[in-house]
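Please find below a short note for a colleague who is meeting this structure for the first time. The points are numbered so that each can be checked against the display.

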Amino acid sequence: MSAIGSRSRRDRIVQLATTTGLTSVDELSQLFGVTASTIRRDLAKLTTDGRLARTYGGAMALSAHPEASLRQRTGEAFEAKRAIARWAAAQIQPGETLLLDAGSTVGALAHELRTAKNVTVATTGLTALQELADVQTVHVECLGGTLRPLSQGFVGPLTEAALERLTFDRVFLGTDGVSPEHGICEADLRQTRLKELMARRADHVYVLAHAAKVGRRPFHAWATLPAGWTLVTDDAADPRVLDELHNRGVTTVLAKSEDTP
């Protein structure tokens with residue numbers, strides 16, 4: 001295309017990312033009738049110009065939402081999330097009752113649980129519900145509440161009221177960031193309050209977070225977790241942050257992908 005055509009296409013890409021989140025390389029390639037390589041060059045230019053931020057397989061708008069949508073996060077650190085999910089699934093015993101948070105990594109755990117036998121799963125996340133809706137060997141409870149479109153999770157007083165009637169063997173939480181000083185971070189105070197309540201209702205508390213989230217502080221809403229919780233991450237996590245977490249009584253687990261020796 002001409003230089004003018006390229007600029008017009010890039011402006012349209014930014015507009016789409018801002019309004020709809022349509023930033024997949026494949027989707028954009030089909031939409032504009034150009035090659036994937038052309039779209040990647042467009043995204044690289046837009047990132048260099050400070051108009052977009054790159055993600056796995058595409059990009060996201062800088063000005064649309066400081067919090068990435070679940071759709072945008074699903075492809076990030078895919079192999080690390082799978083490894084974390086496999087480790088978490090291996091901890092679960094038949095007959096246990098589990099509580100699953102919203103989020104892409106916890107959603108990956110729900111996918112692993114499709115082969116589980118004789119477990120009960122309560123969840124605040126649509127991803128887990130979708131993964132387990134047709135699994136006959138898993139009993140599923142939806143905690144309900146107010147749906148947050150960005151996180152695809154339920155929050156609010158109805159969710160909290162449902163939690164008061166249940167206890168769990170294990171809870172698996174997602175997060176936007178992990179800090180030794182503050183705990184786990186989210187964009188919304190309703191989410192952090194809910195995570196604290198979830199952690200109080202379970203015997204074992206796990207936070208599932210790939211390495212890019214360890215030591216990250218993207219927002220100002222925090223959940224303080226009870227002593228003895230476990231962070232499950234991958235071996236790219238900052239060892240200094242892991243050491244500080246360990247010194248504060250947090251168990252840290254580095255999940256390895258299947259192709260890691």
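1. A search of the whole structure, which is a predicted model, finds zero disulfides. Among the cysteines, Cys142 is partly exposed, with a relative accessible area of 42%, whereas Cys185 is buried at 0%.

2. Salt bridges, by contrast, are present, and the search of the whole structure finds 12 of them. One of these joins the side chains of Asp42 and Arg10, with an N to O distance of 2.8 Å. Asp42 lies in helix 3 (residues 36-48) and Arg10 in helix 1 (residues 3-19), so this pair ties together parts that are 32 residues apart in sequence. Both residues, Asp42 and Arg10, are buried, and together with Arg9 they are linked in a network of salt bridges.

3. Another salt bridge is formed by Arg193 and Glu160, whose closest N and O atoms are 3.1 Å apart. This pair links helix 9 (residues 189-200), which holds Arg193, with helix 8 (residues 157-163), which holds Glu160, across 33 residues. Arg193 is partly exposed at 45% relative accessibility, while Glu160 is buried at 15%.

4. Lys195 and Glu186 also form a salt bridge, with 3.2 Å between the closest N and O atoms. Lys195 is buried, with a relative accessible area of 4%, and Glu186 is likewise buried, at 5%.

5. Thr175 sits in the loop between strand 8 (168-173) and strand 9 (177-179), and at 4% relative accessibility Thr175 counts as buried. The side chain of Thr175 reaches the backbone oxygen of Gly177 at 2.7 Å. Beyond its neighbours within four places in sequence, Thr175 is in contact with several residues, including Cys185, Glu186 and Lys213.

Conventions: Residues are numbered from 1 along each chain as its sequence is written. This is a predicted model: local features need pLDDT of at least 70, side-chain atom pairs count only at pLDDT 80 or more; totals for chains, interfaces and linings use all residues. Side-chain values use heavy atoms; hydrogens and water are left out. Helices (H or I, at least four residues) and strands (E, at least two) are DSSP runs, numbered from the N terminus. Buried means under 20% relative accessible area, exposed over 50%, partly exposed in between (1.4 Å probe, protein chains only). A polar contact is a pair of N or O atoms within 3.5 Å; within protein, one must be able to donate a hydrogen and the other to accept it, and residues adjacent in sequence count only if both atoms are side-chain atoms. Contact means heavy atoms within 4.5 Å. A disulfide is a pair of cysteine sulfur atoms within 2.5 Å. A salt bridge is a side-chain nitrogen of Lys or Arg within 4 Å of a carboxyl oxygen of Asp or Glu.
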